[in-house]
Amino acid sequence: MSNRLKVTPNDLSAFWMPFTANRQFKQAPRMFVSAKDMHYTTSDGRKVLDGTAGLWCVNAGHCRPKITEAIQHQAAELDYAPAFQMGHPIVFELANRLVDIAPKGMDHVFFTNSGSESVDTALKMAIAYHRARGEGSRTRLIGRERGYHGVNFGGISVGGIVNNRKMFGTLLGGVDHMPHTHLPEKNAFSKGVPEHGAELANELERIVALHDASTIAAVIVEPVAGSTGVILPPKGYLQKLREICTKHGILLIFDEVITGFGRLGTPFAADYFGVTPDIMTTAKGVSNGVIPMGAVFVTKEIHDAFMTGPDHMIEFFHGYTYSGNPIACAAALGTLDTYKEEGLLTRGEELAPYWEDALHSLKGEPNVIDVRNIGLIGAIELAPIAGQPTKRAFSAFVKAFEHGLLIRTTGDIIALSPPLIITKGQINELIDHLRDVLRSID
Ligand SMILES: Cc1ncc(COP(=O)(O)O)c(C=O)c1O
C-alpha cells in the first residue's frame, strides 16, 4: 500500500461525509487504512474487530484473495463495456449464477449499483408491469413505518424513517404505509422470530379497503428490517402478507439488501421464511461490498410481461451506465466463489444458536432494555438518556471503536451483523468488548 493512503490527511473539510456527524468526526477522526478477514486496522495502527461487516455488506470478510484477484484480472482485461445495447460475457454468467442460488421462481436479474437503485428499479418495474398487462390504474405503492429502502426518492417515499423523509418535501405521491412490527412491550428479549404481532399484516387489508386493490401496484418490506434498528417479522406475519398480496393481485417486493447472501443462515430471507416474493432487491453482499453493485430478481411472469412489441424496441426504459459493470461482475463472481467454497451462505445457521446465547448474555447489563436476534444479526436496545435520544448509543459506538470493536448504532439501538466467517472465539471477544463498553458509558 502506498504511503499516501496510510497518512491521515490534515485537512478534512472538503469531504462532506454521508450519514455522519461531520463536525464531531472532524474533531476526532476515526480512520481505517487497511483490512483483513475479520479486522480493520486504524491509521494509528490498532486492530478493530468488525462487528458489522462494514455496513452489512462484507459478508465474506475483508480483502479475500478470490475477489481481489478477480478484480485485478478483469481490470486488465475488459475495464468497461457499454451497458445499453451491448453485452460482455461475465454479466450473463453472473446473472445465471445468481438465478441458480435464488429462491425458486426468481428467474431474471436486472443489475444496479446500490440498494437504493435496486429499490427504485423494483418500484418502477412493479408499476410498469401492471401497465404492460393492461392494469395501468395500479400505481399505488405500500411501504411500512420504520422501513429503510435507501435514500433515493422512491426509497424514502415507501420508507418510514422520519429523519430520512422530513427534509425532502412531498416525496412520491400515492404511497401509503403499514405499521411496523416492533412491539417491545410484548416481544422484548425474544430469541429469534417473536411470537406476537402476526395480525399486523391485516393492516394491509385495511389499506386495500381504503384505496381499492385496483389502484395498488406493490407492497415493499424488508423481511427483517435492519437499518431502522433490527425489527423482526412476528411468526406468520410474512406468510400473511404474501396471502393478502396474492389475493388482491398486488406484487410483493422483498428488500433483501441486508438479508440477502447468507445473513440469516440461508441464501436469502425468502428461503428462511419459506415465502417467495414477486420481486427481490439486493446489493451489498452480492459483491461483498467491494465494488458497488445491486441486483433485482424478478419472476418469469414479470419479465415476460415486458417482452412484447417489435423486436427492435427497448422493452424497459430504465438502466444505469454501470449496470453490470465488468469489474463489479468480476467482484461478484469472486464473491460467489468464496461463498460456495466456504459454505458461507448457510454458515449462519450453524452459528446462530451460539450467537443467540452470547448476545442474550447481555441482558441485565446497564441500560439494556431489549436484546433481539436472528441468523447472524443482533440488536441491543438501550434506554435513551432523558431528553437526549441517540446520545447513549453514540457514546457506545465511539467507546467501542476505542476498545477495538466496530458496532453500528441507529437511534439508541446497537445493531450487529459480523462477517459470516466469524469464529466462536471472535463472537466471545465481540460480546466481552461490548459488555465492557456498556459498563463504562453513562
Ligand atoms: C433494506 C435496505 N434497502 C436499501 C438500502 C440502501 O442501500 P444503498 O446504501 O446501497 O443504496 C439499504 C442500506 O442499508 C438497506 O438496508
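1. Helices here are DSSP runs of H or I with at least four residues, strands are runs of E with at least two, and both are numbered from the N terminus. The model is predicted: local features need pLDDT of at least 70, side-chain atom pairs count only at pLDDT 80 or more, and totals for chains, interfaces and linings use all residues. Residue numbers start from 1 along each chain as its sequence is written.

2. Val 208 sits in helix H10 (residues 203-211). Is Val 208 buried or exposed? Val 208 is buried, because 22 other C-beta atoms lie within 10 Å; the cut-off for buried is 20 or more, exposed means 12 or fewer, and partly exposed is in between, with C-beta atoms placed from the backbone.

3. Leaving aside neighbours within four places in sequence, Val 208 is in contact with Ala 213, Ile 216 and His 248 (contact: C-beta atoms, placed from the backbone, within 7 Å). The C-alpha atoms of Val 208 and Gln 24 are separated by 45 Å, and these residues are 184 residues apart along the chain.

4. The expected span of a helix is 1.5 Å times one less than its number of residues. For H14 this gives 24 Å, and the end C-alpha atoms are 24 Å apart, so the two agree. Just after H14, Gly 343 has a positive phi of about 60°.

5. The ligand is surrounded by 15 residues, the closest being Ser 114, Gly 115, Ser 116, Gly 150 and Val 257 (near: C-beta atom, placed from the backbone, within 6 Å). Helix H6 (residues 115-132) gives the most to this shell, with three residues.

Technical notes. Contact = placed C-beta atoms within 7 Å.
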